[in-house]
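Try each one yourself before reading the solution.

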Amino acid sequence: MSSTRFLTGITTSGTPHLGNYVGSIRPSVRASLRTDVESFYFLADYHALIKVEEPGRIQRSTLEIAASWLAAGLDPERVTFYRQSDIPEIPELTWFLTCVTGKGVLNRAHAYKAAVDKNTAIAADTDADITAGLFMYPVLMGADILLFNAHKVPVGRDQIQHIEMARDMAYSFNHRYGEHFVPPEAEIEESVATLPGLDGRKMSKSYDNTIPLFAPREQLKKLIAGIVTDSRAPGEAKDAEGSALFQIYQAFASEEETAALRKSYADGIAWADAKNVLFERIDREIAPMREAYLDLINHPARIEEILLAGAAKARKLATPFMGRLRHAVGLRDLRVQATTKAAKSTKANLPTFKQYRETTGKFHFKLVDAQGRLLLQSHGFDSPKDAGKTIGLLQQQGGAALTGLAAQIDMAANITLEEVGAALQQLIDAAAT
Ligand code: TRP
């Protein structure tokens, strides 16, 4: 399976709005239909714990977001759709990554820095009211991504730094423990517009200017009627470019429809009529999904089942991979022979020089083979430097140096010159590789 793996998470902290639909849900569902990609979508409920303290809201949001994605056409058979907290490998990997991530790197995370700056501005303790959860946010996100070795992560611009950090975590871990992770890349969808909200600023929960994606028809109509416009009267030509209403329309309409509304603007359409055109256009796209949404919301057991099946599918990959990662870092079955680096490398099978000091105050060395058998022993030297120099000579010249050093070293009993020569040659060969 060599297809590109896409993965993205949606924090379960609110009710999906039209901005989420246009910016994330709709393009993701479209991308999930491509046959050359493998998609992973998950509800980031562990991340929600960082910002939401109301348990009921987390549960409600999880239900609403899951229902929204499914109603918008996400096919759980085709993609892997799951809830983060159903995957215990994620918090486990979070810890592994925590241990290879510099604290200084996390100090520089935008969200954490912004919180610190805010405290500094009011002369508070720099870390006042900042949880370790906020600080660790990027590591949890790194685990989300690396656990499934995603190649591409479709996110908003504000998340690019997090993807870069996940890349660094992949490199650090790979450097220490071998090639296990694919370094992911952010996928920024340039063509997707950010939708303006009711007040003309970007539609965002934090501005309280959103239109809920599945607001009932009447409420949708009322909300659209509240979109800010200028005060031009009916019959007066209107400017399409600066108009939030027009931009929202554009996100739903075809090119022809958009051109037609542009003309209506120039012809002086009344704002009330323009709002009605927008309302009907949005409702045309949303209404069938709204029905599916309400049906799902009213059958939470169905959603729960879909998510649990998604988690089982995800864990088919995550559990064995985590097993390999556990082994890689040294969390292992004790019955299986330890293969430390030293035992694995030829180093452990090499003879070694050992330096020591006798009670006489003189410095000595000996050469022992891999099994600890004594091969030769030196006489006493006045300084460790002199002992070291002699070792150096043996390491460089091998058996050839032995005769010249006859006055300083003694062969061990039952050890032949050939044996010592062979041992020294082993060292020379090892040093050359
Ligand atoms: N931090 C993301 C956001 O706020 C949500 C998220 C959590 C995410 N884990 C992720 C996105 C992994 C992509 C990949 O939008």
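Predicted model: local features only at pLDDT ≥ 70, side-chain atom pairs only at ≥ 80, totals over all residues.

Residues are numbered from 1 along each chain as its sequence is written, and side-chain values use heavy atoms, with hydrogens and water left out.

**Exercise 1.** Work out which residues surround the ligand and which elements give two or more residues to the shell.

*Solution.* Start with the count: 14 residues surround the ligand (a heavy atom within 4 Å), and Gly9, Tyr137, Met141, Asp144 and Gln159 are the closest.

Next, look at the polar contacts (N or O pairs within 3.5 Å). Ligand nitrogen atoms sit 2.6 Å from a polar side-chain atom of Tyr137, 2.7 Å from a side-chain N or O of Asp144 and 2.9 Å from a polar side-chain atom of Gln159.

Now the elements: strand E1 (4-11), strand E2 (37-44) and helix H7 (132-146) each give two or more residues to the shell. (Helices are DSSP runs of H or I with at least four residues, strands runs of E with at least two.)

**Exercise 2.** Are helices H10 and H11 roughly parallel or antiparallel?

*Solution.* Take the geometry first: H10 (residues 244-252) and H11 (residues 255-266) pack at about 160°, and their axes are 9 Å apart. Angles over 145 degrees count as roughly antiparallel, so H10 and H11 are roughly antiparallel to each other.

Methods. Polar contact = N/O pair within 3.5 Å; in protein donor to acceptor, adjacent residues only side chain to side chain. Axes fitted to C-alpha atoms, helices over the stretch in contact; angles between N-to-C directions. Parallel < 35°, antiparallel > 145°, perpendicular 65-115°, else oblique.
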